[in-house]
Amino acid sequence: MKSYDLPLIFFIYISEKYFAVNRIICIVISFFSIISAQAQIADSVEKEQYNITPSENSSTDQKRANSNYTSPYQSEDMNERGLVIPQFSANFLHGNILNTNDIEGKNGSNYIQLTATMNTGTQTGSFYNNFKKPQVGITVLGGFLGKKDVLGSTIALYPTWRYTFLERNTIGINLRFGTGFAWFTKPYNKFDNPENLLIGSHLTNATEIGLNLWFRFLPQWKIEAGSSFLHFSNGHTAIPNYGLNDVTARLGVLYEPGTLTGKTTRHRSVPNMDGGWKKSIGVSLGRHELAHSTYPTDGPSYNVYKLSG
């Protein structure tokens, strides 16, 4: 058994113990593993192409630069656009929902979180250079909220930005932010679930802000620990809606398989704003239930329109 198989086995065990969504999580983990294996295979093929051996001091990138070999996937602007460097992470989060004092028998919350990101800002004039070159990707979060018959469980999907700073060879800090959508299994129901005053609908917004310290224990593996604040709310589209706030401690691993051969980052240049006035128009549609945060329920709900330019 290889050393990097152990974290995957650990997180599969945790998902079996805590969540009904363990099958989905296991499938996603397997998907990440396949991507990582493909990256490693592509790297080994290139090493054979350049006759690279472990005893040589030159890196794969140096051999690629000194060789006349051209990948069939390589574009003319590959060096300008930059190589893709993915990163995959799996974390276990344990928290305590802040606003559930009236729910008796509530325990701590537990989540499994899977994230896949890639580097940005690799080319001159990149849009992402204005935002300090974050890693950008997607997160899947599944969790049990502490009392199954009242709060139930949730699964969320959201885009994620991650910044790494104060980085040294083996240690660093990353800050992550994401917002998207979540689905709750046990929202408020005045007949079947009147205790849940936090979430009044199945579909809500999900927002995460987290700060982590990481340590590299193998060339491609890091372990990270930190804290994340999670917020879920339906934006008053359905009452009750106190919103669910959870402060969590997290522990997990990050895997960096290396550069993806023949893949390049997309060119996202900063728009030229020197050409005079720019015209734009936006139209938005929302929904709002007029009431206090918890009462009256089943009140009138109205469309909310927005026109901007």
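A: Eight strands close into a barrel, in the order E1-E2-E3-E4-E5-E6-E7-E8. Their pairing is antiparallel. Between neighbouring strands of this sheet, the average turn is 25°, with direction ignored. Keep in mind that this is a predicted model.

Now pick out strand E1. This strand covers residues 86–97. Its partner E8 spans residues 244–255. E1 and E8 run antiparallel, and 10 bridges join them. One place to look is asparagine 96, which stands opposite valine 247 in E8.

Next, find phenylalanine 92. This residue also lies in strand E1. Is phenylalanine 92 buried or exposed? Its relative accessible area is 19%. The cut-off for buried is under 20%, so phenylalanine 92 counts as buried.

Then look from phenylalanine 92 to tyrosine 111. Along the sequence, these two residues are 19 residues apart. In space, their C-alpha atoms are 5.8 Å apart.

Last, check the confidence. The protein has a mean pLDDT of 75. A value of 70 or more is reached by 65% of its residues. Over residues 1–29, pLDDT stays under 50. The model gives that stretch 43 contacts beyond four places in sequence. Residues 34–80 also have a pLDDT below 50. For residues 34–80, the model has 39 contacts beyond near neighbours in sequence.

To recap, E1 is joined to E8 by 10 bridges, and E1 holds phenylalanine 92, a buried residue.

Technical notes: Residues numbered from 1 in each chain as written. Predicted model: local features only at pLDDT ≥ 70, side-chain atom pairs only at ≥ 80, totals over all residues. Heavy atoms only, no water. Helix = DSSP H or I, 4+ residues; strand = E, 2+ residues; numbered from the N terminus. Buried < 20%, exposed > 50% of the residue type's maximum accessible area, 1.4 Å probe, protein only. Pairing = 2+ DSSP bridges. Axes fitted to C-alpha atoms, helices over the stretch in contact; angles between N-to-C directions. pLDDT = per-residue confidence, 0-100. Contact = heavy atoms within 4.5 Å.
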